[in-house]
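Look at the sequence and the structure before reading on.

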Amino acid sequence: MTASAPRSILPPPAAQEREHSERLAALIGAELGAAGGWLSFERFMELALYAPGLGYYSAGSVKLGTGGDFVTAPEVSDLFSRCIARQCAAVLASTGGEILELGAGTGSMAGAVLSELAVLGALPQRYAILEVSADLAQRQRERLARLPAALRERLVWLDRLPASPLRGVVLANEVTDALPCRRFRRYAEGLGELGVVAHETDGMLSFIEAERVADASLVRAYREILTDLPEPPPAGYTSEICLRVDAWIASLAACLDRGVLLLCDYGLPRRHYYHPQRSAGTLRCHYRQLAHDDPYINVGLQDITAWVDFTRVANAAHAAGLELRGFATQAAFLLGCGIEEMVLQAAGSVEQARRAGEARRLIMPEEMGEAFKVMGLTRGLDIPLAGFALQDLRHLL
Ligand SMILES: C[S@@+](CC[C@H](N)C(=O)[O-])C[C@H]1O[C@@H](n2cnc3c(N)ncnc32)[C@H](O)[C@@H]1O
């Protein structure tokens with residue numbers, strides 16, 4: 001996702017959006033009341049994003065793309081997905097089988113990957129999508145219905161991970177950052193967990209940040225992180241820990257018989273993620289192409305994300321028996337997959353200039369090139385992976 005702006009310039013939501021947000025706030029308020037007046041940030045984020053019919057991803061707002069709240073790499077250009085397709089083609093040539101995409105958004109990556117694989121003569125047996133948002137799954141179906149029949153017929157939507165392990169590729173672009181995370185604040189003595197309490201003024205329900213003493217699971221996770229840091233974060237330091245990554249990676253590993261899991265997301269190795277200077281954490285909200293750091297406004301109308309601690313992902317993958325085959329910036333991955341040749345192959349100078357502009361957005365360090373990383377986790381796969389040939393950042397994890 002790209003965009004950055006202070007909260008003060010956020011456009012006000014329309015009346016209908018406000019009404020929607022109030023319905024979700026009421027639902028969160030009811031759960032908060034039943035829980036004794038406090039909810040962890042993790043649960044707040046889960047409800048704000050995924051409460052059935054009301055959460056940001058579950059309800060009908062535009063969300064992704066230029067008319068929505070944020071733009072992801074597949075929405076910037078199909079060059080991104082075509083590079084992913086090239087990596088998939090090499091893997092599928094060795095494993096056969098299928099592609100499973102998690103959280104497919106508008107379906108743009110699925111369409112472009114399948115189209116490129118058709119050109120390369122490397123179509124998978126099927127292209128499965130597992131999407132938690134019923135709204136987005138419907139949009140994916142509508143968009144992908146326009147593909148030629150030979151591609152369309154390979155698509156299938158799943159409502160859970162496959163029961164029997166698959167051969168091929170599992171893809172997730174900007175999904176790990178959408179997993180609800182816990183938030184902590186470090187004190188000279190002890191650890192606090194951030195959560196929310198409800199506040200009502202003139203009948204309007206809102207949420208305010210409130211802390212509790214961290215429970216044993218959060219303290220354990222925090223101490224584990226400390227063992228990887230050169231020094232403990234300073235007092236007052238606030239950040240996130242996404243404990244759900246562990247079970248999520250374990251479940252993905254369990255459904256991969258042979259092949260690769262490719263995770264693309266903005267994130268950092270642990271030592272950089274929990275750097276003392278990143279003292280307010282990495283939590284960001286996205287609303288109408290503007291980024292800010294207040295998750296308690298526009299509840300259900302804005303995306304909430306936190307950067308990915310890729311060391312946690314790598315540890316979880318190792319515990320689940322996967323091999324860490326690559327960790328690189330998005331720029332290095334796309335260059336390794338041949339994005340430059342794709343630009344040069346564009347027909348005519350106007351098209352080439354347009355393609356060069358798109359590629360710049362995907363690979364320049366100040367755009368998406370550096371902050372976004374790609375991680376390749378494999379099982380039973382010994383072929384070279386072109387996306388990781390130019391850069392190896394595994395030693396930083
Ligand atoms: C930020 S969007 C990214 C969409 C798309 N991959 C892209 O790059 O444009 C996050 C997506 O992940 C989905 N999602 C969130 N948690 C998920 C999970 N546990 N399994 C599958 N999809 C998930 C959301 O519904 C949404 O489609």
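## Confidence

The chain has an average pLDDT of 95, and 98% of its residues score at least 70. pLDDT is the predictor's confidence in each residue, from 0 to 100. This is a predicted model: local features need pLDDT of at least 70, side-chain atom pairs count only at pLDDT 80 or more, and totals for chains, interfaces and linings use all residues. Residues are numbered from 1 along each chain as its sequence is written, and side-chain values use heavy atoms, with hydrogens and water left out.

Residues 2–7 stay under 50 in pLDDT. Where pLDDT is low, the predicted coordinates should not be read in detail.

## Ligand shell

## Polar contacts and burial

Polar contacts here are pairs of N or O atoms within 3.5 Å. Glu131 places a polar side-chain atom 2.4 Å from a ligand oxygen. For Asn173, the distance from a polar side-chain atom to a ligand oxygen is 2.7 Å. The side chain of Tyr50 has an N or O atom 3.5 Å from a ligand nitrogen.

The ligand alone exposes 590 Å² (Shrake-Rupley method, 1.4 Å probe). The protein buries 94% of that.

Notes
A polar contact is a pair of N or O atoms within 3.5 Å; within protein, one must be able to donate a hydrogen and the other to accept it, and residues adjacent in sequence count only if both atoms are side-chain atoms. Contact means heavy atoms within 4.5 Å.
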